[in-house]
Every structure is written in structure tokens, then in C-alpha cells.
Amino acid sequence: MISLFCKIILASCCMKTTCLHLDNEVVFRPVIIVHGIFSRASKMRHLEEMISLAHPGTSVTSIPLFEDLQSVEPLWKQVPKFAAAMRPIMQQAQDGVILICYSQGGIICRGILETMSDHNVHTFIALSSPQMGQYGDTSYIPFLPKLKADVYKFCYHALGQDVSICNYWNDPHHQSLYQQGNDYLPVLNNETLNTNSQDWKANFLRLKQMVMIGGPNDGVITPWQSSHFGFYDDNENIVEMRDQEIYKYDSFGLQTLDKRNALKTYNVSGVKHTNWHRNQTVFDSCIEPWLS
């Protein structure tokens, strides 16, 4: 948790460097919110309200696309539709936008940031999002195998890739099949051959800031360190972000952002997965300082 002193310093820096001033009036960048799996835009209203109370007058848009059961449609179908919905907001925001993407929404937003060459996202806030994939409980997905050890048999085939969670299912015991049979996350991570990889990296690096929020009591994102680009090795020991090959080889720009001091990580205990976007302490400590 960030201390009050750090919050004051951060807020002061933001007010000096990144807030917009018109006739001595502070104007905040527009905020775009993307919901998670089996959810909908209206369920992000608590987050919208917290933003509006903290920064009155801020334009906040939760995008009402691929809601509820439609959220399990393949991510390569979702990404361009979300990008198209964001584009008009971006075009009206000369100084860029703030992107807050929750759970599966964070993986969708990664796809947007890498494939959208004209995005002007200033800050990407990934809120409890499995950035390095998921390898855990599948009981909330009715048509997946109940044992996580068996999920790859479904996910790493063409039929499975029509289901969103399979697009970021990362089985540490079947990495070859993951790279061959998963057409989304390993492509974003530049773990497979992709003729667009350098362009996508350049697009991702248009970001000025990435904020990653997660914690050990999440209960859904598995391992929870995936929200910080950590993940299991083949013995299910955690490999932290800076020891991941995608970081060491700067596959899509993660190391570059880190060297710019443009990666911020928050580890918050005591928050369940369904509460991240409605928790006032998380908002005050981890989100609000980056909305300027």
C-alpha cells in the first residue's frame, strides 16, 4: 500500500507535469474502462462513481461490448470492436486518455495497445488482470474441464481458441502446445513468429505509463503474480517479471518501459477478485494517483 506521504508526492508531481490546465482550471484526461469476463459495463459503476467524486467533471466511459456470456467470444474478435469504440474518444482527447482494464479486460487492452498504431493511451491501468496468462480454477467456466491439468487438451485446439479464456490459458507443463495452439497471448508476448512484432512493440511503447495492480488474496487470477507479469515455471514455482524471458529479451517493450521508470506495481493484500473495482482503498492508493 502506498503511504500518505507518497500519495502527496505523487499527486504533487502529477499536478505539475501531467494534468491539463485551462484558465487555472484543472482538466483531467478522459478515462475509458473495460470490464472483465462474465461482466458488463454497468457493473463498473462503482469505479465510475469513485473517479467522478475524486475528479469531478472527468469524462468516464465504460464500453458496453461483449457483455455477460458474449465475453467468452474469442479475443481477436473483441479487440478490434473495443478499439473501434475507443477511437472516437481518443480522437477528441488531444492529450491522451487513461485506460482502466479489469481482469480479462486487461488482456483485451494489451491487444488494443499493441495492434492500434494511432492510440494515444497515456496510462494503462491493469486491474487484477492475468497479463502472463491463467492456470487455475475453471469451475466458473461451465464448458471447460474441471481439472486444470486437462484444460490444455481443449484450449490448445481450434475449437478451444473460440473461447476467450483459452486465448490466455498458459499451461506451464505444456509450453510447446501453448505456443503452437494458443493464437493470442503468445503472439502478444512475441513468444512466436509474428511478422508484425516490431510494429506492435512500437505501438505498445506509445504508452507513457503502465500500472499493474494485484494481490495474493485475489482467489481467481492464478498465479496471482500474473497480474504483475510473473508466472509459474514447469515446477509451478513463481518466476517474477524481471526473470521472465519476455522481459529479458524485451519481446514487446516491457523492459523498455521499466527502464523509463514507466512501470508501477501494486501488491495489495486482502482483496478478492470481484472487489478490486469497488474497493475504495485500492482506488485511493493505486488508481487515483495516476488519473491526472
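Predicted model: local features only at pLDDT ≥ 70, side-chain atom pairs only at ≥ 80, totals over all residues.
**Exercise 1. Which residue caps the N-terminal end of α11, and where does its side-chain oxygen lie?**

Residues are numbered from 1 along each chain as its sequence is written, and side-chain values use heavy atoms, with hydrogens and water left out.

*Solution.* 
- Step 1: Find helix α11, residues 280-287; helices (H or I, at least four residues) and strands (E, at least two) are DSSP runs, numbered from the N terminus.
- Step 2: The cap is Asn 279, with a side-chain oxygen 2.9 Å from the backbone nitrogen of Thr 281.
- Step 3: Within α11, Val 282, Phe 283, Ser 285, Cys 286 and Ile 287 are buried. Buried means under 20% relative accessible area, exposed over 50%, and partly exposed in between (1.4 Å probe, protein chains only).

**Exercise 2. Work out the strand order of the open sheet and name its edges.**

*Solution.* 
- Step 1: Pairing needs at least two DSSP bridges between two strands.
- Step 2: The 6 strands run in the order β4-β3-β5-β6-β7-β10, with parallel pairing.
- Step 3: Take β3 (residues 31-34), which 3 bridges join to β4; here Ile 33 has Ser 62 as its bridge partner.

**Exercise 3. Is Ser 227 buried or exposed, and which atom does its side chain meet?**

*Solution.* 
- Step 1: Ser 227 sits in the loop between β7 and β8 (231-232).
- Step 2: With a relative accessible area of 2%, Ser 227 is buried.
- Step 3: A polar atom of the Ser 227 side chain lies 2.7 Å from the backbone oxygen of Trp 224.

**Exercise 4. Describe the salt bridge between Arg 40 and Glu 67.**

*Solution.* 
- Step 1: Apply the criterion for a salt bridge: a side-chain nitrogen of Lys or Arg within 4 Å of a carboxyl oxygen of Asp or Glu. The whole structure has 9 of them.
- Step 2: For Arg 40 and Glu 67, the N to O distance is 3.4 Å.
- Step 3: The pair links distant parts of the chain, 27 residues apart: Arg 40 is in the loop between β3 and α2 (45-54), and Glu 67 in the loop between β4 and α3 (75-91).
- Step 4: Arg 40 is partly exposed at 28% relative accessible area, whereas Glu 67, at 16%, counts as buried.
- Step 5: Asp 68 joins Arg 40 and Glu 67 in a network of salt bridges.

Methods. Polar contact = N/O pair within 3.5 Å; in protein donor to acceptor, adjacent residues only side chain to side chain.
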